[in-house]
Amino acid sequence: MKSELKITLLYIIIGITWIFLSDHFVLLFITKNVQNQITHFQSIKGTFFIISTGILLFILLKRHNSAIRQKINELKEKSLELEKSNKELENFFFLASHDLQEPNRIIISFLTNLEKKYKKSLDEKGLKYIQFAINGAYYMRQNILNLQEYTRIGKKITITNVDLNKTVESILDDYDESIVNENTTFTIQKLPIIKTDENLIYLIFKNLIDNAIKYKKENHKLKVTITCSEDESNWTFTCSDNGIGIHPDYNEKIFQLFQRLNSNSENKGVGMGLPISKKAVEILEGKIGLTSNPNEGSNFYFTIPKRLKTQIT
């Protein structure tokens, strides 16, 4: 039975019941001579009122529910269209980035051979220009690879028990000793074993640590601290550093694709690490943000729910 019909029938039953009960109550205070006439009149009038208003209520509820169902169906259609559009856009990104790799490789190859073959013929300025072009080509190549990685995030997700201590340890082992040396201090709180996707959580920590290393202060010892806290619903992780920091006005902008707030610095960032982390966190139904000020370091934090709202397999 539809909801509007249930509500209408309930309204009619309650209304008629109330009429008969109230009539019998009123009869207690009226003389017997006029009881029958009053009872008959009141019952007919009350029943007519309840039925007519019940029919009106049914019509209004039916129209209201029909409008709601129509909106729900429209939202479902829009959702399917958006999902289809997103998939097409991701496929376009992947194919476009794949097709761009070959001409980019040719550019790097020819410029490198040009530099080697005509090194003695070119002056310092000419060699410098070639080097600028090669560096630009490598920068484009890295952007292409990062774009491919970005479009692939979340394609295959497997939720397992992940020891985050081993995850962070594995990330630090991958760095060259010249990067992680006596000028860098990592303080890692004992981290939990959580149910999550191993690849996504690896990407999150990897890019946050990368960001701290790339944007450290010159002639200062880098200090990176990773901590964890929890409540009933979420795990909250923080990755803090004493690097160059950023202005609070850019706290959201740095999570957008290809945004580099320090484009003149000597670091090799291409503006993809933090957007990749953000996408990975959101796939895991968490949130990411930061607190920071220039020259005061940055404090990145992200949450991972203990139980996912949607089933991921």
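The legends below describe several close-up views of one predicted model.

Residues are numbered from 1 along each chain, following the written sequence. Because the model is predicted, local features need pLDDT of at least 70 and side-chain atom pairs count only at pLDDT 80 or more, while totals for chains, interfaces and linings use all residues, and side-chain values use heavy atoms, with hydrogens and water left out.

**Figure 1. The protein chain as a whole.**
The protein chain holds 6 helices and 7 strands. Here helices (H or I, at least four residues) and strands (E, at least two) are DSSP runs, numbered from the N terminus. Read from the N terminus, the order of elements is α-α-α-β-α-β-β-α-β-β-α-β-β. The chain has 313 residues, and 32% of them count as buried. Buried stands for under 20% relative accessible area, exposed for over 50%, and partly exposed for values in between (1.4 Å probe, protein chains only). The accessible surface of the chain is about 21200 Å², and carbon and sulfur atoms make up 57% of this surface. Accessible areas come from the Shrake-Rupley method with a 1.4 Å probe; for residues, only the protein chains shown count as cover. Among contacts with a separation of 6 or more, 72% join residues 24 or more positions apart. A contact means heavy atoms within 4.5 Å.

**Figure 2. Helix 3 along its length.**
Helix 3 covers residues 124-152, which is 29 residues. From its first C-alpha to its last it reaches 42 Å, close to the 42 Å expected at 1.5 Å a residue. The expected span is 1.5 Å times one less than the number of residues. Which residues of helix 3 are buried? They are G126, I130, I134, A137, N143, I144, N146, L147, Q148 and T151. An α-helix has 3.6 residues a turn, so residues three or four places apart point the same way. Just after helix 3, G154 takes a positive phi of about 85°.

**Figure 3. Aromatic pairs.**
The structure holds 4 aromatic pairs. Rings of Phe, Tyr and Trp (its six-membered ring) pair if their centres lie within 6.5 Å; planes under 30 degrees apart count as stacked, over 60 as edge-to-face and the rest as tilted. One of the pairs is F205 with F237, edge-to-face, at 5.8 Å centre to centre and with 80° between the planes. F205 lies in helix 5 (residues 198-214) and F237 in strand 5 (residues 234-241), so this pair ties together parts that are 32 residues apart in sequence. F205 is buried at 1% relative accessible area, and F237 is buried at 0%. Another edge-to-face pair is F255 with F300, at 6.3 Å centre to centre and with 85° between the planes. F255 sits in the loop between strand 5 and helix 6 and F300 in strand 7 (residues 298-305), so the pair ties together parts that are 45 residues apart in sequence. F255 is buried, with 9% relative accessibility, and F300 is buried, with 2%. F205, F237 and F302 form one aromatic cluster.

L274 belongs to helix 6 (residues 273-283). Is L274 buried or exposed? L274 is buried, with a relative accessible area of 8%. Leaving out residues up to four places away in sequence, L274 touches L208, N211, I254, F255 and F300. The C-alpha atoms of L274 and I204 are 8.2 Å apart, although the two residues are separated by 70 residues along the chain.

**Figure 4. A lysine over a tryptophan ring.**
K306 lies over the face of W235, at 4.8 Å from the ring centre. A charge sits over a ring if NZ of Lys or CZ of Arg is within 6 Å of the ring centre and within 35 degrees of the ring normal.

**Figure 5. Two loop residues with positive phi.**
Most residues other than glycine have a negative phi. N219 is not a glycine, yet has a positive phi of about 60°. N219 lies in the loop between helix 5 and strand 4 (222-230) and is exposed, at 80% relative accessibility. E285, also not a glycine, has a positive phi of about 65°. E285 is found in the loop between helix 6 and strand 6 (288-292) and is partly exposed, with a relative accessible area of 25%.

**Figure 6. Two buried cysteines.**
C228 is buried at 13% relative accessible area, and C239 is buried at 2%. How many disulfides are there? The count is 0 disulfides, a disulfide being a pair of cysteine sulfur atoms within 2.5 Å.
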